[in-house]
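Here is a short report on one protein chain. Look at the structure first, then read on.

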Amino acid sequence: MKKCPNCNAMLDDEVIFCSNCGSRFPDMPDPSGKPPKGSSKKGLKWLFIVIPVIVLLAAAGVITVLVLKGSNKSAKL
Ligand SMILES: [Zn+2]
């Protein structure tokens, strides 16, 4: 639960607008509440696997393009 800073109505953590007074909440986490579910450090673990794979694939793609360009040039000449 969080409190509306405008009208002090108690609302669910998921709501973006106060259902009582209609004011919009800032994107600040509840200082007294728990962190948002699923967005802890555990969720970032996959990045350390995915990012190197993407970098390797990008490098492989660039090398492939360069090799293909080079072979095209030599084929024309
Ligand atoms: Zn309100």
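Buried residues make up 0% of the 77 residues in this predicted protein model. A residue is buried if 20 or more other C-beta atoms lie within 10 Å of its own, exposed if 12 or fewer, and partly exposed in between; the C-beta atoms are placed from the backbone.

This is a predicted model: local features need pLDDT of at least 70, side-chain atom pairs count only at pLDDT 80 or more, and totals for chains, interfaces and linings use all residues. Residues are numbered from 1 along each chain as its sequence is written.

The protein has 2 strands and 1 helix. Along the sequence, the pattern is β-β-α. Helices (H or I, at least four residues) and strands (E, at least two) are DSSP runs, numbered from the N terminus.

Of the contacts between residues at least 6 apart in sequence, 6% join residues at least 24 apart. Two residues are in contact if their C-beta atoms, placed from the backbone, lie within 7 Å.

| Residue | Loop | Other C-beta atoms within 10 Å |
|---|---|---|
| Asn-8 | between strand E1 (2-3) and strand E2 (10-11) | 10 atoms |

Asn-8 counts as exposed because it has 10 other C-beta atoms within 10 Å. Asn-8 also has a positive phi of about 65 degrees, although it is not a glycine.

Asp-12 and Met-1 are 11 residues apart along the chain, and their C-alpha atoms are separated by 4.7 Å.
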